[in-house]
Amino acid sequence: MAQRLMRLIGTMFGALLVSVLPLTAATPAALFTPGEELQVERAATGRPGGRLVVALRAEPRTLNPLLVADAPSREVVGRMTGDLIHINRLSQAIEPALASAWTRSKDGREYTLTLRKGLRFSDGHPFDADDVVFTFQALLDARVASPQRDLLIVGGKPIDVKKVDEYHVRVSLAGPYAAAERLFDSVAILPRHLLERAFMEGTLQEAWTTQVAAGAIAGLGPYRLKEYVAGQRLVLERNPYYWKVDANTRRLPYIDELVFLFTGNEDAQVIRFQSGESDVLGRVGADNFNLLMKDQTSRRFQLADLGPSLEYNFLFFNLNDLSGKNLPQVAARQRWFTDVHFRRAVSLAIDRDAIVRLVFKGRGVPLWGNVTPGNRLWQNTSLPRPARSVADARAVLKTAGYSWRSDGALVDRQGQKVEFTIATSATSAQRTEMATLIQADLKELGMDVRVVPLEFRALLDRILDTFDYDASVQGFGGGDADPNGEMNVWLSRGTNHYWRLGQKQPATPWEAEIDRLMQQQLVTLDVPERKRLYDRVQMIIAENVPFIFLATPHVLVGARADLGNFQPSVLDHYTLWNVEQLYFKSQARSNGR
Amino acid sequence: MKRAVTVVSVLVGLHLLILLAGFVAPYDPTTQVRTLPFAPPSRIHFVDAAGIFHLRPFVYASAPDGAGDYYVEDMSVRYPVRFFTRGARYSIVPGIESDVHVAGVDAPGRLTLAGTDGYGRDVFSRVLHGARVSVTAGLLATLCALFVGTVLGTLAGFTGGVVDRIVMRAADVFMAVPWLYLLFAVRAALPLHLDTRAAFLLLVAVLGVVGWARPSRLVRGIVLSAKERAYVRVAEGFGASPLYVLRRHVLPHTYGVVLTQAGLLVPQFILAEVTLSFLGLGIGEPEASLGSMLGTLQQYHVLASYWWMFAPAIALVAVAAGYHALTSLAHDRARLVAS
């Protein structure tokens with residue numbers, strides 16, 4: 001614990017110490033151009049060279065930063081691109097990136113960003129304000145249909161980005177927006193000289209597929225594309241123009257080549273890592289993590305349990321408006337689901353500790369709210385955390401008019417036996433296990449619950465479209481720590497408002513209240529006030545239990561023992577967020593194998 | 001002869017074990033003991049920590065160590081194995097219920113002969129109950145397939161003509177259908193909330209319906225050749241009715257084939273049930289079936305860490321091998337009779 005705290009403090013200082021060094025002299029490590037405004041990473045010192053192999057679960061779908069929606073694409077594209085303002089993955093605070101400084105106007109609607117001077121894209125072309133303006137133009141273009149587009153629409157209007165001069169841009173928002181700086185994180189700045197033509201012709205959404213030639217793609221990230229072999233691997237090479245240097249003014253990154261292999265699933269990733277074919281292991285489940293722990297020393301791994309993630313797993317009931325759907329049986333069961341006492345009783349009966357112990361092998365924490373302990377800034381620690389009590393749950397059901405038959409089965413006021421189905425994804429063993437534990441817990445209340453694992457697409461279809469299900473176990477979170485990332489879950493019209501989708505008007509007073517609070521926190525610039533508003537949201541959710549929160553797993557990652565500067569974080573991307581600082585400690589590895 | 005006795009007695013023994021699953025199994029197959037996930041099989045001791053020999057075998061309670069992945073035995077209290085103890089209620093066939101088990105130990109000791117699964121459920125008890133589901137499904141599906149197959153095969157072979165052609169073309173179609181995908185489709189079309197008994201019957205019906213084609217072709221062939229024999233012609237000449245000829249002269253020829261088919265189909269259908277449950281299309285949690293138990297072995301950590309989770313595979317091999325031995329015995333005997 002103390003060690004982790006020290007490491008955290010260390011990096012925060014590292015981030016603070018980042019300064020601007022105009023470099024004129026050429027150093028042996030790399031060629032510097034005069035006036036190049038580089039960022040110095042004080043924390044980083046390492047040995048250059050080597051080749052890092054990472055096993056991906058699936059093949060990336062695209063290399064176009066505008067269209068990235070899946071995790072493997074994000075993982076690869078994130079290494080090839082840079083953003084203006086960055087969220088430090090360890091401190092969860094913002095820090096300068098391509099923008100070395102910025103100012104906010106008094107009303108909070110206007111930001112002026114100062115860009116680093118003299119930087120070059122990975123193909124050697126200079127970077128300036130035109131590239132930034134172009135990037136936002138492309139992102140906001142409806143034809144491109146970028147998944148990031150919605151995030152950049154503030155107060156109903158797209159944000160406006162204007163060039164002030166070669167190295168300054170002004171960003172205007174239609175209304176005040178809390179933590180607007182965080183919007184810039186992961187917005188990859190695009191090279192105008194390569195993409196403008198496609199943009200003009202309206203073919204930007206077809207540019208930079210995985211078939212793109214290495215010379216036709218460039219970015220401001222630590223790596224650039226070298227080779228793509230469909231179905232096998234993707235190789236990135238060191239970007240010689242990258243804009244960060246280490247304490248010895250050696251240009252980063254250290255490692256020459258980054259190889260992504262496509263493996264198929266988590267077990268295959270683990271096997272590759274175990275056999276030494278890959279060097280870094282992204283997030284794994286606790287069971288596989290424990291398996292690797294057994295030969296941690298003999299095989300020379302460094303495995304890290306980073307504590308609670310931001311992901312929350314929950315059970316929820318189908319409260320959707322079923323008028324117009326021909327689902328009489330589900331509609332009949334909704335009589336129970338819509339009763340808050342029923343949901344509270346279910347929540348009380350669930351053995352969260354058992355979920356942590358059996359599903360996450362002790363590497364997790366039980367949850368009673370949507371913000372996990374992994375989120376350092378926003379968790380409402382005063383939420384009630386009632387211990388599991390079947391007796392209390394029965395008392396709640398009794399006051400709500402439920403009773404028990406002589407065979408122990410729970411019946412409602414009309415004498416109807418309480419039985420329902422929990423649908424889970426067949427590919428997620430963990431969520432199916434959670435559902436199986438819940439099934440046994442609820443049996444103690446006299447509820448007859450079935451667990452039905454479904455193919456993932458079929459499950460989503462039921463939850464999002466047909467509404468033909470009773471209940472399901474799902475998980476959310478893991479993106480940013482800021483409450484704004486949760487807007488589409490809690491707003492009644494949100495696309496992830498799973499329990500009742502497609503609301504034009506809030507269906508209940510408490511959903512209306514959440515809508516109001518979430519909108520208000522969005523435009524509140526004062527941080528303690530925002531925290532107060534979001535605390536209230538968490539409390540309302542806990543009281544009305546639309547989601548019955550279960551547990552969050554720890555973030556579990558690993559790497560070869562000789563990988564230096566390996567500082568995994570609980571935020572995405574867990575292991576490669578500081579890829580430019582990674583290096584091999586041993587001479588043999590840094591010289592290539 | 002000696003071999004026949006061995007094979008048959010082994011098979012009968014296995015089926016008795018399976019039939020009396022509730023009696024032989026020390027625990028209820030669905031009871032979770034959440035403090036004991038993936039506990040290895042209990043060690044049966046005769047000599048205690050102090051080195052004293054006890055005639056009555058005993059076990060120690062085990063508890064996870066600090067890290068949670070290893071179990072250590074608590075040597076302070078012995079839990080002697082008791083025979084014919086009372087425990088969870090079970091039914092042997094619907095109507096016959098009991099709570100007497102062959103063996104058990106006093107709580108909190110646990111007699112887990114084949115360890116526990118991820119929910120702390122007793123794997124040995126689950127294998128017995130799971131085998132009951134799988135084997136019963138196999139037997140019932142075989143009966144169903146053979147009945148349909150024999151009736152249709154006899155009908156086709158004996159009447160000939162259009163009926164024959166229709167039945168045989170239908171058989172071709174059924175043999176050509178990729179039944180696994182058919183089953184996926186059938187399951188997807190059914191409502192989510194299907195109780196265990198309905199799911200089981202559905203499984204049996206589907207397997208039986210899909211499996212009738214091969215026996216029906218074989219039966220048809222035999223019926224075709226039998227009805228042309230001279231003595232059948234003679235009997236017909238003497239005015240025997242078709243039904244009499246069928247019963248007296250034709251059908252007896254098919255018994256050998258039907259029995260051999262039964263020996264082949266039972267393990268095949270058991271495997272089919274296992275496949276379906278393995279893929280999550282059969283009996284759902286918390287009920288056990290050999291297939292759903294083997295399904296957990298798809299996870300790498302289970303495969304690599306907990307060898308006792310292979311217990312259902314051993315049971316499956318034993319049952320399937322028993323039936324194959326029986327079939328080859330029947331085959332040898334048939335050859336002997338023929339020569």
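R560(A) is buried, at 10% relative accessible area, where buried means under 20%, exposed over 50% and partly exposed in between (1.4 Å probe, protein chains only). Its salt-bridge partner is D279(A), with N and O 3.7 Å apart; D279(A) is buried too, at 0%. A salt bridge here is a side-chain nitrogen of Lys or Arg within 4 Å of a carboxyl oxygen of Asp or Glu. The two residues sit 281 residues apart in the chain, R560(A) in strand 25 and D279(A) in the loop between helix 5 and strand 16 of chain A. Helices (H or I, at least four residues) and strands (E, at least two) are DSSP runs, numbered from the N terminus.

This is a predicted model, with local features needing pLDDT of at least 70 and side-chain atom pairs pLDDT 80 or more, while totals for chains, interfaces and linings use all residues. Side-chain values use heavy atoms, without hydrogens or water, residues are numbered from 1 along each chain, and chains are lettered from A and ligands numbered from 1, in the order written.

All chains together hold 45 salt bridges. One of them joins D572(A) to R74(A) at 3.6 Å, a pair 498 residues apart. D572(A) is partly exposed at 24%, and so is R74(A) at 38%.

Over in chain B, three strands make an open antiparallel sheet in the order 1-2-3, where pairing takes at least two DSSP bridges between two strands. Strands 1 and 3 are the edges, each pairing on one side only. Strands 1 and 2 are joined by two bridges, and V47(B) has F53(B) as its bridge partner.
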